[in-house]
Amino acid sequence: MPNSYFDQLIDQLKPVVYDSDFDAIFQALTKDLDGPTRFKLKMELNRLAAPCRRTVDLRNQVDDACFPYEHQGRRHQLDSVAIEIFEKGLDTYKGVFTQDTFEQILDADNQLRRAQEEERAYAQSLASQNAEPVSGQSPFRTESNEPYSYLVETFNFGRYPYRSEERMNFTIDVLLTDDAEQEFKGITADISITGMRVRLDESRDITEQDKVELSFIGLAKEFTVDPGMRIPYIVVGVQHIDGKQYINLSRESEFRSDELDSFFQRFINGYKKRYRVNIDNTYDSVISKGHEQFFLPRTRQLPVYFSEANKRLIADYVLTTDNNRFILDTWLNELNQISFGSIFNVRRSQQILEQIETQGTAQIIVLSFSITARGKIYHYSATADELKRSGLWDTYIAFGRQKASWRVLQIDIRRSDSERAWQPQAVPEHIKVPFRINPPSAEVKQAVKPLKYLAAVSDVTSSVSGLTTVELNKAELPSIKAFAHPPAVPLRTKEARLEFVNLRKERRFNYRSRCRVKAGKFVRDAMVIDLSISGLQVQMDNPANINAGDTIYISMTGFLKTYKKAKLNELPYIVASTDRAGTTLRLKADTTAEPHQGSDFIRFLIREQRDVLKLQVENTSVNGLPLCLRNLYCEAPAAIPIFFNRSKQKQLSARRAGMPQWTSGWLRMLQKLPGSRDAIINLQPLLRGNAVADTLEPKLKSMERDAFPESLLLLIRLYRQNGEYIVQTKWCETDASDDIHGFIDQCLPSSVFRAITVNLSRAGKPDIQFIQAELAYMSHYAAYKAEDLEEELWKIFGVAETIDITSSLLNFVLDDTMSVNEQEQRLTAWLEKL
């Protein structure tokens, strides 16, 4: 008898088959059926409801894991689907394991298992594309059988909250009165002489800059304080934490009461050891500064600071470190003057300023090279937009990338507030602490005051140069002269050197001087672009068959013109490494033959002729300027650094991310992913697919702490499929043109594409001296917090600087700027739906 014919009726009768009144219910429900049919139906019910004495073992029969399940002395082996069916059957049949339940478990085509198999197949199809649904945690399990989280703690760049007075954690009742004379009660969380933080009993409609009057009704019960005195305060902050409303109050400056100030001074000094001083602001400052000092010396971005004159951007300063100085290598003229500022002519400056006015930020992609002729260096630069509009894209690139000086730079520009250049340490000024930093001198303030704009310059040459196929049209070559810079440099850009806990064994100096390279029968003229006592960096116009480990001979022809008696011919150097193009050689002195004449000569230059290298050796004449420029950059760097810690078990994990105030598509995407909120961000695109263990960790472990950062490219695709939001990623080398092209083709036209450069650096020891004042202050009131913070900084193993270069890649792949802008619009639409 087919059960399907009576499915509905059987399902109604199953729950009552073991009830005492089953027969009466059965008669009532089957009164319209004939006798034989009713008999067959009852026999089928009896068969299904019969107790089952068999043991079920699904091991090796199902794909999912099986678990032991005991019932009435029998141990079954069931998967999660079978357990659900088993328990539902026990509920239906009054605790009896029946033949019906047994048959349902063995039914391999049951709907729930099919759904799980379909879900598994779908997940496997996504995994085969290196993709997964947008989430806050990985679908893969760790050794503890728990999915690892993509959520990472954050800190805010450039935020060092300063308090001129100590705040004591202290709770006391207060009465507040608003402008409408409505009274409401609150309880202080902390207090200082002229400010406090108050938790309100009930949430109210209060905003910053509102004025309230406050009476110390609680203090009046224990001290000689007038409970009727109403003291005027201004609301300077409002927060909602765990369902409670907190308001930060600052006493109005016009209010004066020496008696009240004296009382609070004695009160806080007398009780602060008992109730503890609130050092939250100092704690936040140490977190920010400590991580910034790991990141700043390792960034590959070059900060450039602009003033404005006659609607033109004037590049006044660049802030250099060992790892971003290379960007200036091709921007020194024959007099070793920095000519980078000549990029920003009047026309480009006006376009940038208009874009900042309408959009808040601006970005240009600059393609540049230089030509050396008759002892002069001639610079050429063009923006991607200029080349596409002029029709010279192919010819300019085909000609320019033949040169060793060929570079493609992504320049992101924003406003800068020079008032933020000085940031005092997060310790009240009257407290004596070690390593107190003095405010900038009047000379420094005068130098910083005109600075209105800040640019972050990223070298994207390796990622974009192979993305476009171009042909040189010789007939168009004369037109390229329109992009030549004027030979004179009317405005000199000054270099400010930022010093850290030294990453290198010795100092290096950027200096251009002619030289001759000899390797076997190969002899070529070249240019020294930086030097140290133990090594050189040399650039040639054309690649050579020279490899790491080779011994070559350098003649310093440029220096010989001045130092004719020096022995500078055919000095032996060992090739430490070469760039991908084979035109830049990093050399170390071959010291097997002592003494090395080249090392002795450079040592002499540094000691006796320091003025020759004055541009590269702490060359800002204004003391304290680098610190001010550092602070301006930290207000809003155009990168998101990720800090990796290594545990005692030597496992690497993402610990913190630095949040800039400079909003990029990369930052907007991370902030919208599930789980991102205040102080937490979702790094799924960076961490997914076991990327830390498989991709990032091997690179970091193989690096020395003073090594130049190694770069990778993270390609991201965002799309919808089967109603889900999907993120797909691919890691590749920065110059993997075929991989980049293929991934972009997969994304266009309907998916969202992002490209992120990830610059990896090994961390060294933390710069404790820079945060010594704050740590000493914290140790006085919360030694365990200071110790924990210092220990956390020592655990930092590596830094990943992540920079959004999406528009740079798309400019080299897509024909017009409008198509590039559409990607930004598509990202915005995708995030809004998410």
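**Exercise 1. List the buried residues of helix 23, then say how the helix sits in the structure.**

Solution. 
Step 1. The buried residues of helix 23 are T806, S807, S808, L809, L810, N811, F812 and V813. The model is a predicted one.
Step 2. Compare this with the length of the helix. Helix 23 covers residues 806–813, and eight of its eight residues are buried.
Step 3. Conclude. Helix 23 is therefore largely enclosed by the rest of the structure.

**Exercise 2. Take L809 and find what it touches.**

Solution. 
Step 1. Leave out residues up to four places away in sequence. L809 then touches S463, V464, L467, L713, L715, I740, F753 and A755.
Step 2. Look for L809 in the largest nonpolar core. This core has 86 residues. L809 is among those with the most contacts inside it, along with Y305, L367, Y396, L629, L715 and F753.
Step 3. Helix 16 (residues 625–635) does, with six residues.
Step 4. Look for another core. A second, separate one has 39 residues, including I642, A657, A691 and L827.

**Exercise 3. Describe the lining of the second largest pocket.**

Solution. 
Step 1. Start with the space. The pocket holds about 1300 Å³.
Step 2. Go to the residues. The lining has 45 of them, and Q355, Q359, T361, A362 and Q363 are the closest to the centre.
Step 3. Sort by class. There are 15 nonpolar, 21 polar and nine charged residues.
Step 4. Find the main contributor. Helix 24 gives the most, six residues. Helix 23 is one of the elements that supply at least two.

**Exercise 4. Contrast two salt bridges, K94 with D19 and K795 with E791.**

Solution. 
Step 1. Read the N to O distances. The closest atoms are 3.7 Å apart for K94 and D19, and 3.8 Å apart for K795 and E791.
Step 2. K94 and D19 lie in two loops, so the pair ties together parts that are 75 residues apart in sequence.
Step 3. K795 and E791 are four residues apart in helix 22, so about one helical turn separates them.
Step 4. The structure holds 39 salt bridges.

Definitions and conventions: Residues are numbered from 1 along each chain as its sequence is written. This is a predicted model: local features need pLDDT of at least 70, side-chain atom pairs count only at pLDDT 80 or more; totals for chains, interfaces and linings use all residues. Side-chain values use heavy atoms; hydrogens and water are left out. A nonpolar core is a set of buried Ala, Val, Leu, Ile, Met, Phe, Trp, Tyr and Cys residues joined through side-chain atoms within 4.5 Å. Buried means under 20% relative accessible area, exposed over 50%, partly exposed in between (1.4 Å probe, protein chains only). Contact means heavy atoms within 4.5 Å. On a 1 Å grid over the protein atoms alone, a cavity is a set of points where a 1.4 Å probe fits but cannot get out, and a pocket is an open set with protein on both sides within 12 Å along at least five of seven lines; lining residues have an atom within 4 Å of a point. Grid points are joined across faces, edges and corners, and a volume is the space filled by probe spheres set on the points. Ala, Val, Leu, Ile, Met, Phe, Trp, Tyr, Cys and Pro count as nonpolar, Asp, Glu, Lys and Arg as charged, and the others, Gly among them, as polar. A salt bridge is a side-chain nitrogen of Lys or Arg within 4 Å of a carboxyl oxygen of Asp or Glu.
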